Amino acid sequence: MCDILDQLHDILEQRRHADPQDSYVAALHCKGLNKILEKVGEEVTETLLAAKDAEHGGAVERQALIAETADLWFHSMVMLSHLDLDHRAVLDELARRFGVSGHDEKAARQQ
């Protein structure tokens, strides 16, 4: 699983500085953080709507949720890349939280 995220990270880094006419990723970076955030927000909404449909839907609706979640992860990684952050830092944060109560972890963030 992490291997595919590493591969995607490498591709995003390559395309970040490509010609915006030739690369969707480069075009997003060229338009700036606000455009990237707009795309992340759009994908969040689409993912939430797909989840609602998948709750009582069949295979088609569940696959649509998977596709929308993939779009959300992709655009989130573009956002991280734009901010010179690495997805491995997110994975490290998730790993740090293993064995910690969700309630305890949330309370620690609020302090």
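**Salt bridges and a capped helix**

The side chains of R96 and E93 meet in a salt bridge, with 2.6 Å from N to O. A salt bridge here is a side-chain nitrogen of Lys or Arg within 4 Å of a carboxyl oxygen of Asp or Glu. This is a predicted model: local features need pLDDT of at least 70, side-chain atom pairs count only at pLDDT 80 or more, and totals for chains, interfaces and linings use all residues. Residues are numbered from 1 along each chain as its sequence is written, and side-chain values use heavy atoms, leaving out hydrogens and water.

R96 and E93 both sit in helix α5, three residues apart, about one turn of the helix. Helices are DSSP runs of H or I, at least four residues long, numbered from the N terminus. R96 is partly exposed at 47% relative accessibility. E93 is also partly exposed, at 28%. Partly exposed lies between buried (under 20% relative accessible area) and exposed (over 50%), using a 1.4 Å probe and protein chains only.

By the salt-bridge rule, the count is eight. One of them joins D6 to R88, with the closest N and O atoms 3.3 Å apart. D6 lies in helix α1 (residues 2–16) and R88 in helix α5 (residues 87–97), so this pair ties together parts 82 residues apart in sequence. D86 joins D6 and R88 in a network of salt bridges.

Now turn to helix α2. Spanning residues 24–31, α2 has V25, A26, A27, L28 and H29 as its buried residues. S23 caps the N-terminal end: a side-chain oxygen lies 3.3 Å from the backbone nitrogen of V25. Just after α2, G32 takes a positive phi of about 100°.

Key: Helices (H or I, at least four residues) and strands (E, at least two) are DSSP runs, numbered from the N terminus. A polar contact is a pair of N or O atoms within 3.5 Å; within protein, one must be able to donate a hydrogen and the other to accept it, and residues adjacent in sequence count only if both atoms are side-chain atoms.
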